[in-house]
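Subject: Structure handover and findings

Hello,

Here is the structure I promised to pass on. Please open it alongside this email.

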Amino acid sequence: MQIKAPFPDLFDLIVVGAGHAGCEAAMAASRLGLKTLLLTINADRIGHLSCNPAIGGLAKGHMVKEIDALGGMMGLWADAAGIQFRLLNTRKGPAVRSSRAQIDRTEYMRVVQKSIFSQPNLWVFQDTADSILTENGQACGVKTQLGETIRSKNVLLTTGTFLRGLIHVGLDNFSGGRLGDPASNSLSDSLRDIGLELGRLKTGTTPRLLKESIDFSKMEIQPGDDPPIPFSFRNKTVPMPQVPCYLTYTNPEAHEVIRSGFDRSPMFTGKIEGTGARYCPSIEDKVNRFPEKDRHQVFVEPEGLDHPEMYPSGIPTSLPFDVQKKMIAAIVGLENAQIVRPGYAIEYDYAFPTQLKPTLETKLLPGLFLAGQINGTSGYEEAAGQGLWAAINVVSKLQGRDPFLLSRDQAYIAVLVDDLVTKGTLEPYRMFTSRAEHRLLLREGNADERLTEIGRDLGLVDDEQWNLYCVKRDQMQIVLQAMKSIRINPDAANREIMKDIGAAIPGKGVELAALLRQPQMEIGKLAIFYPGLTEMNDDVLKEAEIQIRYEGYLVKQEELVAKFKLMEDVRLPSDLDYTTVYGLTQEVQEKLTQVLPMTLGQASRISGITPAAINCLEIHLKKLGVI
C-alpha cells in the first residue's frame, strides 16, 4: 500500500462539502495534479444520497453522460451501485430520451469513499468551515469550527443544504443540514462579510418506510430494462443484481387527511420563508394546487438490495408527523407501513448566481468558487456537473490556461452554468431538455462524441477511456460512410429482399441511408446489404441510425448554432462602462453591470435585454474598434 504524503501546509484547492458537487470536484482537481482537501462535516456521509435513491432522469441523465464523457466519476459510481436502470421517454424522439438508475445508497457511498480515500493528491478532514480567509483581496483558505486555519490558493464551496439549514416537521423546526447532520451556521456570515448577497431556498423529502411493513402485492410492479444500459461509456454491463420498483397512488381519503393538516403545515402557516422547488412540489402543495385530481403517483423505490427501508417517491412532505402517519396508512399497499424516518422540509441559504463568473468563481473575491445547491440548483446531477466545471476552472487558472467554458450547443452542463450566471434564479433550478435550444444536438448517445476529446485534452480521460472512444468513433465513420455510399438498385433480387425486411421499394437506385429513413426501418435489417453492420457495436448502430434518420434536422440545428456563434465570438471588454452606451435604458444598464457578460451572446440572454439594446451595444463596440 502506498503511504499518502503528510498533510500539506498549503493546498491548491479546499473543497468544502462532500456531496455530489464536492466529490466530483475533489476527484477532478486531485487527478489533474492539485493538492486538494475535501473538508466535510461528516466523513461517514461522503457520497450520501440525501434525498431520493436515484441518479439520472429527464435531462439529468444527459448530464451524467456528459460528466462521464469528460472523464468524471458520477457515471462510474452510479453503474457500480445501480440496482435498476431504465431509459425514459423511449416513445419520444432521441433528444429527450434519458437514463435513470435506482441506486443502492450504502454501496454508492462505499464506492465513492473508496475512490476518495485512495486518490493521490486528495486529503480528507472532518470539520466545519466557519469562515473564508482572505489576503490581498484573494481567498487564501478557511478557518474551521475546531479553530484550525487551513491555507489554500483557492476555495470551492459545495455546501448543499447545510448553510443555516433549518428542518421543518409540522410547526416544529430545528437546525440541521439534513436529518441527522448538523448545519453550518457561521459560514453564511463570512460570505456576507465578503459582500455576497444570499437568498433562502427550500426543498423537501419523503418519509422512509420499513420494507417489511409494505404490501407490494397491491401495487403495480415496475421492472427495469433488461439488459440494463450503464451510464458510463466505459461500461458494457453493471455488477449489481437488478430489482423492481412499485407503483401505487394517493386517493381522496389520503387527500382529506393531507388537507386536515394544512393549519399546521409550515408551508401554509408562513413558518417556511424559502422558495420551494416548482417542479418537485410537496404532496400538500400538489393537493392544494390541483384539487380536481383524485390521485397522484407514488413510486415505491428500494433504498438498496439489503436495505430495510423503501422510498415512496412522489410524496415529499413537511406535514406534522401524526398527519404523515395517517396519510401513509390511507394509501393502497401502505396501510400498515411503518415510518422509519419522517418526511421533512429544509430551508437553507444560497448565493445569487449572477454574482459568479462563467467559471463559477465569484466576481467579488478571486479564488472563491461556488458549485451545487449553493448556486440555487436542485438535484445531484446539476451539482456534480458544476463541481466538475469549477474544479477544471481552478486547474486552468493555476496552470495559466484559458478558462474551461463550453457553449450551449456543446453540453447541458454549459446550458446550466450559462442560465445560472446570466439569468440567475429565485427558486431551485432544475434542468429540463426544454432549457436547451439545441437539444437535438445534445443527445445522451453522442455525449462522448461531443466531449471526450475535450476531456482528453484536459487530462481527465485516461488511455482506456480514450481507446474505447476511438473504436466507437472509427466504427461510426465506417457505418456512416457505408450508409451514404452503398447504392441498392431495385432489381428482382433486391425487391424481394426489401419486401422481406419491410422496406418500401423505390423506383430507382437509392443509398442505404434513404432506406433507413423510411418509417419503421431499423439499421440492423440493412445488414443483408452491408454485412459489416454485424461487426459493429450496438451503441454505434443506434447513434448512426439517429444521425442518418434526423440528418436534415441536425443540419438546420448546426446552421442555427453557426449564427449564434457570431455573437458568442464578440467578447465584451471587462471594464466596459455600460452607462456610457448610448440608447440603453437605466434598467438595461443595471442588469448588464450586475452580470458583466463576457460576450455579446451572453448579454443577449440576460432577462430583459432586448434586441434593440443589443444593437446599441454593437454600435458602441464598433466605435471602440472591438468589432
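Below are the findings, grouped by region.

This is a predicted model, so local features need pLDDT of at least 70 and side-chain atom pairs count only at pLDDT 80 or more, while totals for chains, interfaces and linings use all residues. Residues are numbered from 1 along each chain as its sequence is written, and side-chain values use heavy atoms, with hydrogens and water left out.

Helices (H or I, at least four residues) and strands (E, at least two) are DSSP runs, numbered from the N terminus. Two strands pair if DSSP finds at least two bridges between them.

Strand 2 (residues 13-16) pairs with strand 3 in the parallel sense, over four bridges. Strand 2 is also joined to strand 11 (residues 155-157) by three bridges, again parallel.

Strand 3 (residues 36-40) is mostly covered, with five of its five residues buried. Buried means under 20% relative accessible area, exposed means over 50%, and partly exposed is in between (1.4 Å probe, protein chains only). In a regular strand the side chains alternate between the two faces of the sheet. Both faces of strand 3 are covered: T36, L38 and T40 are buried on one side, L37 and L39 on the other.

Three bridges join strand 4 to strand 6 (residues 98-103), and the two run antiparallel. G56 has R100 as its bridge partner in strand 6. Contact means heavy atoms within 4.5 Å.

**Aromatic rings and charges**

Rings of Phe, Tyr and Trp (its six-membered ring) pair if their centres lie within 6.5 Å; planes under 30 degrees apart count as stacked, over 60 as edge-to-face and the rest as tilted. The structure holds 11 aromatic pairs. In one of them, F216 and Y246 have ring centres 4.5 Å apart and planes at 40°, so the pair is tilted. F216 lies in the loop between strand 15 (208-210) and strand 16 (220-222), and Y246 in strand 17 (residues 245-249), so the pair ties together parts 30 residues apart in sequence. F216 and Y246 are both buried. F7, F11, W123 and F125 form one aromatic cluster.

A charge sits over a ring if NZ of Lys or CZ of Arg is within 6 Å of the ring centre and within 35 degrees of the ring normal. R295 lies over the face of Y249, 3.6 Å from the ring centre. K293 lies over the face of F290, at 5.8 Å.

**Helix 15**

The expected span of a helix is 1.5 Å times one less than its number of residues. Helix 15 (residues 538-549) has 12 residues and should span 16 Å; its end C-alpha atoms are 16 Å apart, which agrees. Its buried residues include V540, L541, I546 and I548. Among the elements covering the buried residues are helix 11 (447-458), helix 12 (463-485), helix 14 (512-516) and helix 16 (551-568).

E107 lies in helix 4 (residues 105-118). At 18% relative accessibility, E107 counts as buried. K143, in strand 9 (residues 138-144), is partly exposed at 39%.

Best regards
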